[in-house]
Amino acid sequence: MLALYLASLALGASAADAPTVDDRPAVVDDRPAVVDTAAAGAAAAVDAPAHVQPGARATTTRDPRGVAVVGAVPVVDPRVPGAHVDAVAVALVDPTPAYVVTEAPVAAPAAPAAPAAPAVAAPAAPAGLSFSGIPALNYIADNGLGLGLIAAAYHGDGLTLPYRTAVTLQLFATTKLVQDSHVTLDALRVFDLPLRIGARAGFLTSLTQNYCGEGGDVTCDEAAAATAATAAGLVDDDDDDDDAWDRFVRRYYQRRFMNPYAFVNARYAVLERGVGQPLRVEFTAGYRASYFVPGSVFIDEDGDGEPDLQPWPGSLYARAHPDGEPGLSSLVSLGVMFDSRDQEPSPTSGWWTEASVRATTPGLSSWSYAGFHATVRGFTPLSLPGVSDRDHRLVLAHRLLFDGIVGDAPVQDLARIGGSQDTYAFGGVDLGRGIRVQRFLGALKVLDQAELRWRFAEVEALGQALAFTAVGFVDSGLVADRVLQPQHVGVAAGGGGALRVAWNENFIVRCDVAVSPVEQWALQTYITIGQPF
C-alpha cells in the first residue's frame with residue numbers, strides 16, 4: 001500500500017519540485033520523493049523538530065528556500081482511507097514548511113507529545129535617557145515638616161538591565177533644621193567589565209535625632225526626663241509650653257550633630273547566568289568615610305557668639321558621651337554576594353544573599369572596631385487557589401539579617417548596618433517601621449521583615465507606565481548592646497500597610513504607614529523612593 005501511494009504521488013510531481021537530502025534528490029524505492037502539500041496540512045502545527053517515532057528514519061533535507069531541520073512525526077493522509085505516511089520532515093527556515101516522505105517501518109501511532117513549555121523571553125533593556133522626579137514631603141513630630149526634591153536620571157544602552165547608569169539627587173530639609181541631601185551614582189558594566197560601582201556623597205545634620213540609650217531594652221520614658229529636669233534645677237511653668245523645663249524634657253532623648261560623608265562600593269561578577277534562571281555571584285569591596293561633628297553651626301543658645309558644637313546640655317547622650325564623639329570613621333569592607341532575582345527595582349522571584357566583614361582603617365579612623373554582616377532576601381510568587389498568576393502579581397518578600405560589631409564604635413555607626421545597603425536600624429523608614437528612628441541601638445542586631453506585595457493595577461498615561469502595588473508588612477528585631485555577653489537585650493516589632501507606585505519600572509515611590517506597641521500605637525508615615533529591600 002505504501003509503495004502504491006508513493007507511486008501515485010510521483011506521477012503528479014515534476015523533478016524540479018523534489019527536495020534534496022544532503023544535496024541529492026530524496027528517493028524512496030528508487031523514485032524521487034515529492035513535497036506532499038496535502039500531508040503538510042496535517043502537520044502544520046509542528047514548529048520544532050519532533051521526536052522520532054520508533055523505527056522511523058530522520059534525514060536532513062534542503063529545498064530551494066534554505067536548509068530544513070528534519071524531525072519525524074506520523075501524519076495521516078486524508079485522501080487515502082487507512083493509509084499513512086510514517087515520517088515527515090519539518091523545515092524551520094520558511095513560514096511554509098517543506099515535508100519529505102521517507103521510508104520507514106510502519107509503527108503504531110505515537111501518543112501526542114506534551115506541549116513544550118513556553119520560552120522565557122528576556123525583558124527589554126531600556127535605551128537612551130529617561131528622567132523621573134517627585135517633590136519630597138513628609139511630617140515627623142521630632143523633625144517637623146519636611147520639604148525637598150528627589151530626582152533621578154537613567155541611561156540605558158539597550159543591553160543592560162535595569163539600566164547602564166543611574167544618578168539620583170535628593171535635596172531635603174525640615175522646619176526644625178534637619179537636612180539630608182545627597183547625590184548617588186550606580187554604574188553597571190564599568191569599562192565593559194562585569195563591574196558595578198555605586199557611590200554616594202552627602203550631608204546629614206539633625207537637631208532632633210533620637211537617642212534613648214544603647215541596647216534593646218531602652219524605654220524613652222518621659223518620667224525619667226522630667227526627673228532629670230528637676231535634678232537640673234528647672235521648674236515647669238504650666239503657662240509656658242516652651243520654657244526651659246519643656247525644652248530640657250523634649251531634648252533629653254535627642255542629640256544634635258553634623259555628618260558629611262561619602263562611600264563607594266564595587267561589585268565584580270565572577271559568574272553571570274542569563275535570563276530564565278538568572279544567577280550572579282559577585283565579590284564586593286567598599287570604603288566609607290564619615291566625619292562626625294557634635295552640635296550645630298546654626299545654634300548659639302549660650303550667646304557667646306560661637307556655634308554650639310556640643311550635645312544638648314543635660315541630655316542622655318551628653319551624659320553617655322560628654323564630648324559628642326567628634327572624629328572620622330574610616331571603614332573598609334569585603335564580601336560576597338549571590339543574586340538570582342528576576343529584576344532589581346521590584347523583584348518578584350529569586351534570592352539575594354550577601355555576607356561581608358568590615359573594619360576601621362588603622363591610622364585614619366578615630367575609633368577601632370570590626371563588624372560582620374549577613375542578609376538573606378527571598379521573593380516568592382504566590383497564587384490564589386484556582387487563579388493563575390503567571391506575571392507574579394502577588395509576591396511574598398522576606399529579609400532576614402544578622403549584623404554585629406566588636407570593639408569601640410561611635411553611636412552613629414551603632415545605628416547602621418553593614419552590607420551593600422547603608423541603612424539605619426532599628427527603627428525608621430527602612431528597618432523598624434512604626435518605631436521612631438534609631439530608637440534601638442546596639443552592637444548586635446537580628447532583624448526580620450516580611451511583606452506581602454500585590455500589584456493590582458497598571459496604567460499608561462502620556463507615554464509613562466505606572467504600576468500600583470498594595471503592601472502589608474511586619475518588621476521585627478532583636479537588639480543587644482554587645483555581641484558577646486550582652487546585658488541589655490530586647491525585642492520589638494511594628495507593622496502596617498503601604499502603597500507603592502512604580503514609574504517606568506525603575507523609579508518607585510512608596511508611602512508606608514505603620515504602628516508599634518513600643519510607641520503606644522502612634523501612627524508613623526514614611527514617603528520615600530525605592531523598595532525597602
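Mentor: Start in the loop between β12 and β13, where D192 is found. Keep in mind that the model is predicted.

Trainee: Why is D192 called exposed?

Mentor: Its relative accessibility is 57%. Exposed means over 50%, so D192 counts as exposed.

Trainee: Why is R189 called partly exposed?

Mentor: R189 stands at 30% relative accessibility. Buried would need under 20%, exposed over 50%. The value falls in between, so R189 counts as partly exposed.

Trainee: What makes P194 buried?

Mentor: P194 has 17% relative accessibility. The limit for buried is under 20%, so P194 counts as buried. P194 is in the loop between β12 (179-187) and β13.

Trainee: Which residues does P194 contact, leaving aside its neighbours within four places in sequence?

Mentor: R189, R267, Y268, A269 and E272. P194 and E272 are 78 residues apart in sequence, yet 8.4 Å apart in space, C-alpha to C-alpha.

Trainee: How do you know that β13 and β14 pair?

Mentor: At least two bridges are needed. Strand β13 (residues 195-210) and strand β14 (residues 254-273) have 14 bridges, in the antiparallel sense. R196 stands opposite R267 in β14.

Trainee: What joins β14 to β15?

Mentor: Again 14 bridges, and the two strands run antiparallel. Strand β15 covers residues 279-294. The bridge partner of M258 in β15 is V293.

Trainee: Why is the pair of Y154 and Y163 called tilted?

Mentor: Take the distance, then the angle. The ring centres are 5.5 Å apart, and the limit for a pair is within 6.5 Å. The planes make 40°. Stacked needs under 30 degrees and edge-to-face over 60, so this pair is tilted.

Trainee: Are Y154 and Y163 buried or exposed?

Mentor: Y154 is at 9% relative accessibility and Y163 at 11%. The cut-off is under 20%, so Y154 counts as buried, and so does Y163.

Trainee: How many aromatic pairs are found in the whole structure?

Mentor: The search finds 10. Also, F248, Y252 and Y253 form one aromatic cluster.

Trainee: How do you know that the charged end of R341 sits over the ring of W352?

Mentor: It is 3.9 Å from the ring centre, and the distance limit is within 6 Å. The direction must also lie within 35 degrees of the ring normal. The contact is listed as sitting over the ring. The charged end of R256 sits over the ring of W312 as well, 4.1 Å from its centre.

Trainee: Why is R377 called buried?

Mentor: Its relative accessible area is 2%. That is under 20%, so R377 is buried. R377 lies in strand β18 (residues 368-382).

Trainee: What makes the link between the side chains of R377 and Q421 a polar contact?

Mentor: The distance is 3.2 Å. The cut-off is within 3.5 Å for a pair of N or O atoms. Beyond four places in sequence, R377 touches several residues, among them W351, W352, H398 and F533.

Trainee: Why is R416 called buried?

Mentor: R416 has a relative accessible area of 3%. Under 20% is the rule, so R416 is buried. R416 lies in the loop between α6 (411-414) and β20 (444-461). Among the residues R416 touches are D403, D422 and Y424.

Trainee: Which peptide bonds are cis?

Mentor: One runs from L161 to P162, with omega near -5°. Another joins A425 and F426, where omega is about 10°. P162 is in the loop between β10 (144-157) and β11 (165-174). F426 is in the loop between α6 and β20. Most peptide bonds are trans.

Terms used: Residues are numbered from 1 along each chain as its sequence is written. This is a predicted model: local features need pLDDT of at least 70, side-chain atom pairs count only at pLDDT 80 or more; totals for chains, interfaces and linings use all residues. Side-chain values use heavy atoms; hydrogens and water are left out. Helices (H or I, at least four residues) and strands (E, at least two) are DSSP runs, numbered from the N terminus. Buried means under 20% relative accessible area, exposed over 50%, partly exposed in between (1.4 Å probe, protein chains only). A polar contact is a pair of N or O atoms within 3.5 Å; within protein, one must be able to donate a hydrogen and the other to accept it, and residues adjacent in sequence count only if both atoms are side-chain atoms. Contact means heavy atoms within 4.5 Å. Rings of Phe, Tyr and Trp (its six-membered ring) pair if their centres lie within 6.5 Å; planes under 30 degrees apart count as stacked, over 60 as edge-to-face and the rest as tilted.
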